[in-house]
Amino acid sequence: MKKIKVIIAGARGRMGREAVKLVHETENFELVSVLDIKYDGKSLSDIEGFSHIDVPIYTDALSCIHNSQADVFVDLTTPAVGYFHTKMALENGVRPVVGTTGFTMEQLAELKHLANEKKIGCIIAPNFAIGAVLMMKFAQMAAKYFSDVEIIEMHHDQKLDAPSGTAVKTAEMIAAVREQKQQGHPDEEETLAGARGADYNGMHIHSVRLPGLVAHQKVLFGLPGQTLTIRHDSFNRASFMSGVKISIETVLHLDTLVYGLENILD
Ligand code: NAP
């Protein structure tokens, strides 16, 4: 059986470490190299926690892609560089699977255009946890009946972007079916700036950042006399790996960019 050759960018990170474990332990996957911000020319086995994995580390994305002959490029880095890595992978015919969050709408549109031009697959998923995808789908179902909604996303305090990609994606999915409405009282005033959170199409998104949290989200709906709360919790980063695995397998069979894991699940 031909193995799927994978590059991982951000391998030393919290998500990256889980992804290295996943790729290393999956029979038909092969880790061919990693892209890092440091340790150029070293082997991953020189890094603590990876002593059994001898693959080259690159710090230059283009050299990494050219020398690795990979099928899939997994990006788990930062919003500042993830977009450039993804673009470079597409330009060089390697299919990106991107978990890095914080891409703008313009960046997503540009990457979609590039994937279509090159006719190769790309999956960008703000949340690889199956439960989170279901939470978003259930929220979209509920939004047909409840036009008042507040999204509260809660993450660890090392997260760089706010609101989370999952919260934005949830808001987009809700906005696609929800009756347009500017929520709250028309004369509402914030006596402390930001108290009502971010405004997305008239609904509000609140970002909580605390040590101890991993990735959690509540979607609260309200109607007179009743509320509905849909909640998902990721307690560790292993929760995201089933989605990464499905994406690595699926991206090979796509010829366009797919945004959101829900669009590749049955
Ligand atoms: P993290 O622990 O900070 O890991 C990021 C890694 O990327 C670090 O090892 C960092 O190195 C490395 N890095 C930084 N700049 C780089 C560059 N130019 N080239 C290569 N590597 C670089 O963060 P994390 O918690 O793993 O999260 C990574 C991303 O995934 C974030 O955008 C986060 O929001 C997202 N995320 C997505 C999901 C999902 O399901 N889609 C779930 C959780 C998190 P240094 O530490 O040396 O800077």
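Lys119 is exposed, with a relative accessible area of 61%, where exposed means over 50%, buried under 20% and partly exposed in between (1.4 Å probe, protein chains only). This residue has a positive phi of about 55° although it is not a glycine. The model is predicted, so that local features need pLDDT of at least 70 and side-chain atom pairs count only at pLDDT 80 or more, while totals for chains, interfaces and linings use all residues. Residues are numbered from 1 along each chain as its sequence is written, and side-chain values use heavy atoms, with hydrogens and water left out.

**Backbone features**

- Most residues other than glycine have a negative phi, and most peptide bonds are trans.
- Lys119 is placed in the loop between helix H4 (105–118) and strand S6 (122–124); helices (H or I, at least four residues) and strands (E, at least two) are DSSP runs, numbered from the N terminus.
- Gln69, also not a glycine, has a positive phi of about 45°.
- The loop between helix H2 (61–68) and strand S4 (72–75) holds Gln69, which is exposed at a relative accessible area of 63%.
- A cis peptide bond runs from Ala162 to Pro163, with omega near -5°.
- Pro163 lies in the loop that links strand S7 (148–155) to helix H6 (165–175).

**Nonpolar cores**

- The largest nonpolar core has 56 residues; such a core is a set of buried Ala, Val, Leu, Ile, Met, Phe, Trp, Tyr and Cys residues joined through side-chain atoms within 4.5 Å.
- Ile8, Leu31, Leu44, Ile174, Phe221 and Ile248 have the most contacts inside this core.
- Helix H5 (residues 130–143) supplies the largest share of the core, seven residues.
- Apart from this core lies another, of 13 residues, including Leu111, Leu114, Cys122 and Tyr259.
- Leaving aside neighbours within four places in sequence, Leu31 is in contact with Val6, Ile8, Val20, Val23, Leu44, Ile53 and Val55, contact meaning heavy atoms within 4.5 Å.

**Surface patch**

- Leu134, Phe138 and Met141 form a nonpolar patch on the surface, with about 290 Å² of accessible area together.
- Patches are made of residues with over 30% relative accessible area and no salt bridge, like charges being joined within 9 Å and nonpolar side chains (Val, Leu, Ile, Met, Phe, Trp, Tyr) within 5 Å; areas come from the Shrake-Rupley method with a 1.4 Å probe, and for residues only the protein chains shown count as cover.
- Leu134 is in helix H5 and counts as partly exposed at 37% relative accessibility.

**Salt bridges**

- The whole structure has 10 salt bridges, each a side-chain nitrogen of Lys or Arg within 4 Å of a carboxyl oxygen of Asp or Glu.
- Lys159 pairs with Asp161, their closest N and O atoms being 3.1 Å apart, and both residues are buried.
- Glu188 and Arg196 form a salt bridge at 3.0 Å, N to O; Glu188 is partly exposed at 36%, whereas Arg196 is buried at 19%.
- Lys245 and Glu249 form a salt bridge at 3.2 Å, N to O.
- Because they are four residues apart in helix H7 (residues 241–251), Lys245 and Glu249 are separated by about one helical turn.
- Lys245 is partly exposed, with a relative accessible area of 30%, and Glu249 is partly exposed at 27%.
- Salt bridges that share partners join Glu150, Glu188 and Arg196 into one network.
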